[in-house]
Every structure is written in C-alpha cells, then in structure tokens.
Amino acid sequence: MSPIELNKRQDAILQIVKENGPITGEHIAERLGLTRATLRPDLAILTMAGFLDARPRVGYFYAGKKASVVLTEAMLNLKVKDFRSSPVVVPDHMTVYDAIIYMFSEDVGTLFVIDRDEILQGVLSRKDLLRSSIGSQELNKLPVHMIMTRMPNIAYCTSTESLVEAAKKLIDREIDSMPVVEETEQGIKVVGRLTKTNITRAFISLAETHDL
Ligand code: ADP
C-alpha cells in the first residue's frame, strides 16, 4: 500500500462516519454539500486504506485504523531533525592530507566543505580522498576544493523534511550522507548531517515503537 496522508475532506468524511455510521455515501455527500460522485475517490481511498468498511445497502462504517495504516503514518511523521547528527565541516583551503587526518579523528565517512562565510561549497567522501591519494599529487599542498564534489551538484535536505523523502535522495543519488541545511540570504549553511546510519536508527526506532 502506498503512503497515505488524509486531506481535509477525507478527515471530514471520517468524522461524519464515526459519529453517524453506518451511513450511505449519499448521506455523507449531503452533509458535506457535495455530490456523491465528487466523494467517490475519497471514499475509495478511505476504504482501501482500511479506515472505513462498506456494506452494500447499509453504507459506510468506521473500521478504525489498521496496523499498517498506523505504521505508515508513523513512518511519514519521522523528520530529519529527530535523527540527524552534528555536521563535520572543513574549510575549502584545507589540504587533502589534513582532511584525511580530520576524517579519521572525527570518525566520519563524509566531510562537508565550507567557505570563510560558512556557506556550503562541497562534499568530500572517503573515495574522493582515496582517489587523490593514489595520484601523484602532493597531498599536503593540494586544497580540498580541487577534488571535492561541488555545488550546485550537492544533494541536501532540511531539518523539517520527512525522513522518507531524505532517504529517497540518498538512494537515488547513491550517496552515504547529505548535509542538513538552512537556506539563508547569504547562501546555504550546514546545520547537520544525515547518513545511512541515521536512517537505520530511525528504522529500528520504528520497529521498537511498534513492538515489531
Ligand atoms: P564513497 O565515495 O566513500 O563511497 P559516497 O558514496 O557518499 O561515498 O560518495 C560517492 C561520490 O558522491 C563522491 O564523489 C562524493 O563526493 C559524492 N557525494 C557524496 N555525498 C554527496 C552529496 N550529498 N551530494 C552530492 N554528491 C555527493
């Protein structure tokens, strides 16, 4: 079943059925001042999602929420801000050598690169650093901005975004992590880090909350 977020009309229908069920589609439509035809798609969604049951010649009655609906709603309510980690950033003039040391000391797999105004400029992954290490460059002279993946090609998310949306970006772009950002007048500022580990943590918390 696809994720479902009820719209205002669907909420109103549920309320009417809860209070008056069993009730026919005609009567629900009457109460909302709409035609039966207009309501048909909403009734179909509510029935398919398990909120309503329908019996021929009797009408609709409230079926409560099925476990799958409760789980779907809980999943859609997970937000980036509840699972993100602290950002780990480096200045764009830092050398690749120092970035490698810093990646080890911070125990992260991705570093975000910022300029002197703290605006997001790029991303450095483990493989970006490894790749430059097997070349002939002098790592202690090479600045990270020469090898990073740069804006505007950076995938990012915001704190209020749903975790499912953010997870989709990680999978679609085949990356391990994303900066969590705030868009300011000066540019995009990094306020956090969202990794596959954070998504895994959310997955476990969902299972624990629902006794799975
Ligand atoms: P690794 O390279 O260590 O496997 P990733 O899969 O995260 O790690 O990175 C793959 C490539 O994608 C790297 O070149 C990296 O710079 C780039 N990358 C990583 N994160 C992002 C991001 N959020 N937006 C755009 N590119 C990214």
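A residue counts as buried under 20% relative accessible area, as exposed over 50%, and as partly exposed in between. Keep that in mind for Glu118: its relative accessible area is 48%, so it is partly exposed. The model you're looking at is predicted.

## The whole chain

Let's start with the overall picture. The chain has eight helices and nine strands. Its C-alpha trace spans about 80 × 40 × 25 Å along the principal axes. A compact globule of 212 residues would have a radius of gyration near 17 Å, but this chain has 25 Å.

How much of the chain is buried? Buried residues make up 38% of its 212 residues. The accessible surface of the chain comes to about 12,800 Å², and carbon and sulfur atoms account for 52% of that. As for who touches whom, take the contacts between residues at least 6 apart in sequence: 56% of them join residues at least 24 apart.

Beyond its neighbours within four places in sequence, Leu129 is in contact with Val96, Ala99, Ile100, Met103, Leu124 and Ile147.

## Around the ligand

Which residues come nearest to the ligand? Of the 16 residues around it, the nearest are Ser125, Lys127, Asp128, Thr149 and Ala155.

| Protein side | Ligand side | Distance |
|---|---|---|
| Lys127, polar side-chain atom | oxygen atom | 2.9 Å |
| Asp128, N or O atom in the side chain | oxygen atom | 2.4 Å |
| Ser177, polar backbone atom | nitrogen atom | 3.2 Å |

The ligand on its own has 540 Å² of accessible area, and the protein covers 84% of it.

Is Asp128 buried or exposed? Its relative accessible area is 9%, so Asp128 is buried, because anything under 20% counts as buried. Leaving out residues up to four places away in sequence, Asp128 touches Val123, Ile147 and Thr149. Its side chain also makes a polar contact of 3.3 Å with the side chain of Arg131. Met148 is 20 residues away from Asp128 along the chain, yet their C-alpha atoms are separated by 6.8 Å.

## A glycine with no exposed area

Now hop over to Gly192, in strand β9 (residues 188-195). Gly192 is buried because its relative accessible area is 0%. Which residues does Gly192 contact, leaving aside neighbours within four places in sequence? They are Ser85, Ser86, Pro87, Phe112, Met178, Pro179 and Val180. Lys18 is another story: from Gly192 to Lys18 is 174 residues in sequence and 43 Å in space, C-alpha to C-alpha.

## Some backbone details

A cis peptide bond joins Gly21 and Pro22, with omega at about 0°. Pro22 is in the loop between α1 (8-20) and α2 (25-32). Another cis peptide bond joins Met151 and Pro152, and there omega is about 5°. Pro152 lies in the loop between β6 (149-150) and β7 (157-158).

Next, look at phi. In Arg57, which is not a glycine, phi is positive, near 65°. You'll find Arg57 in the loop between β1 (52-55) and β2 (59-62). With a relative accessible area of 84%, Arg57 is exposed.

That brings us back to Glu118. This residue is not a glycine either, and it has a positive phi of about 65°. Where is Glu118 in the chain? It lies in the loop between β4 and β5 (120-125).

Note on methods. Residues are numbered from 1 along each chain as its sequence is written. This is a predicted model: local features need pLDDT of at least 70, side-chain atom pairs count only at pLDDT 80 or more; totals for chains, interfaces and linings use all residues. Side-chain values use heavy atoms; hydrogens and water are left out. Contact means heavy atoms within 4.5 Å. A residue is near a molecule or strand if one of its heavy atoms lies within 4 Å of it. A polar contact is a pair of N or O atoms within 3.5 Å; within protein, one must be able to donate a hydrogen and the other to accept it, and residues adjacent in sequence count only if both atoms are side-chain atoms. Accessible areas come from the Shrake-Rupley method with a 1.4 Å probe; for residues, only the protein chains shown count as cover. Helices (H or I, at least four residues) and strands (E, at least two) are DSSP runs, numbered from the N terminus. The radius of gyration is taken over C-alpha atoms; the globule rule is 2.2 Å times the number of residues to the power 0.38. Buried means under 20% relative accessible area, exposed over 50%, partly exposed in between (1.4 Å probe, protein chains only).
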